[in-house]
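Okay, thanks for letting me grab a few minutes. Let me put the structure up and walk you through a few things in it.

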Amino acid sequence: MSTLLLASEITGRPVVTLGGEAVARVKDVVVDGRAGRVSGFTLSGLRLLSGPKRQALPWEAVSSLGPHAVMIQDETVFRNRDEVADAAEAADGSVFGARVLTDVGTDLGQVIDVVIEVTASQAVVAGYEIAATAAPARKRHSVFIPLARTIAVSGEALVVPAAVADFVTDDLAALHKAIPEFRSHMSGKKA
């Protein structure tokens with residue numbers, strides 16, 4: 001079974017040991033763009049004005065990702081920030097604000113959040129929340145698109161298969177259903 005979460009929902013969550021001690025907060029979700037998976041989290045202190053920590057939390061050390069906290073064994077699982085963040089930075093970092101274009105040139109919108117599919121063993125990028133281009137400028141609304149694979153990523157645009165336009169949804173519940181349908185559709189096209 002899997003759960004869909006927005007990256008923005010995870011940021012700010014406390015990091016709590018299995019002993020119940022809050023030891024940090026999630027500052028950013030670090031995504032390995034090449035592998036399409038969450039490699040970990042950068043951290044900040046617990047106080048409102050606390051700055052970033054030099055340590056980060058690798059995904060492999062997460063005991064569970066709950067609705068209110070990220071659970072870890074203890075603080076010994078923290079690693080140097082560079083060990084966790086290097087993969088994402090090498091893959092050109094953030095996709096927020098990037099245009100989403102299909103491989104036939106259709107502009108679908110602009111990335112405003114990343115949809116993460118969390119299972120017991122991994123967290124992968126499953127889609128994006130985008131500010132839809134087709135919406136009137138005064139009434140911009142967001143929609144969700146599934147992701148089987150990204151054809152190309154630059155600092156300014158993500159290129160996705162044109163078929164993604166047929167699987168656009170208005171909410172995460174509908175996206176949860178659309179993801180396997182889209183993946184099935186794409187694997188059928190490759191055969």
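When I say two residues touch, I mean a contact, which is heavy atoms within 4.5 Å. And keep in mind that this is a predicted model.

So, start with V15. Leaving out residues up to four places away in sequence, V15 touches a run of neighbours, E21, A22, V23, A24, R25 and V26.

Zooming out, V15 belongs to the largest nonpolar core, which has 43 residues. The members touching the most other members there are V15, F41, L57, F78, I116 and Y128. There's also a second, separate core of seven residues, with L4, V115, F144 and L175 among them. As a bit of background, nonpolar side chains tend to be buried together in soluble globular proteins.

Now, aromatics. How many aromatic pairs turn up in a search of the whole structure? Two. One of the pairs is F41 with W59, and the geometry is edge-to-face, with 6.2 Å centre to centre and 65° between the planes. That pair links distant parts of the chain: F41 sits in strand β4, residues 37–44, while W59 is in the loop between β5 (52–58) and β6 (62–65), 18 residues apart.

Last stop, D82, over in helix α2, residues 81–90. D82 has 43% relative accessibility, so it counts as partly exposed, since that class runs between the 20% and 50% cut-offs. Along the chain, D82 and T42 are 40 residues apart, yet their C-alpha atoms are separated by 9.5 Å.

Methods: Residues are numbered from 1 along each chain as its sequence is written. This is a predicted model: local features need pLDDT of at least 70, side-chain atom pairs count only at pLDDT 80 or more; totals for chains, interfaces and linings use all residues. Side-chain values use heavy atoms; hydrogens and water are left out. A nonpolar core is a set of buried Ala, Val, Leu, Ile, Met, Phe, Trp, Tyr and Cys residues joined through side-chain atoms within 4.5 Å. Buried means under 20% relative accessible area, exposed over 50%, partly exposed in between (1.4 Å probe, protein chains only). Rings of Phe, Tyr and Trp (its six-membered ring) pair if their centres lie within 6.5 Å; planes under 30 degrees apart count as stacked, over 60 as edge-to-face and the rest as tilted. Helices (H or I, at least four residues) and strands (E, at least two) are DSSP runs, numbered from the N terminus.
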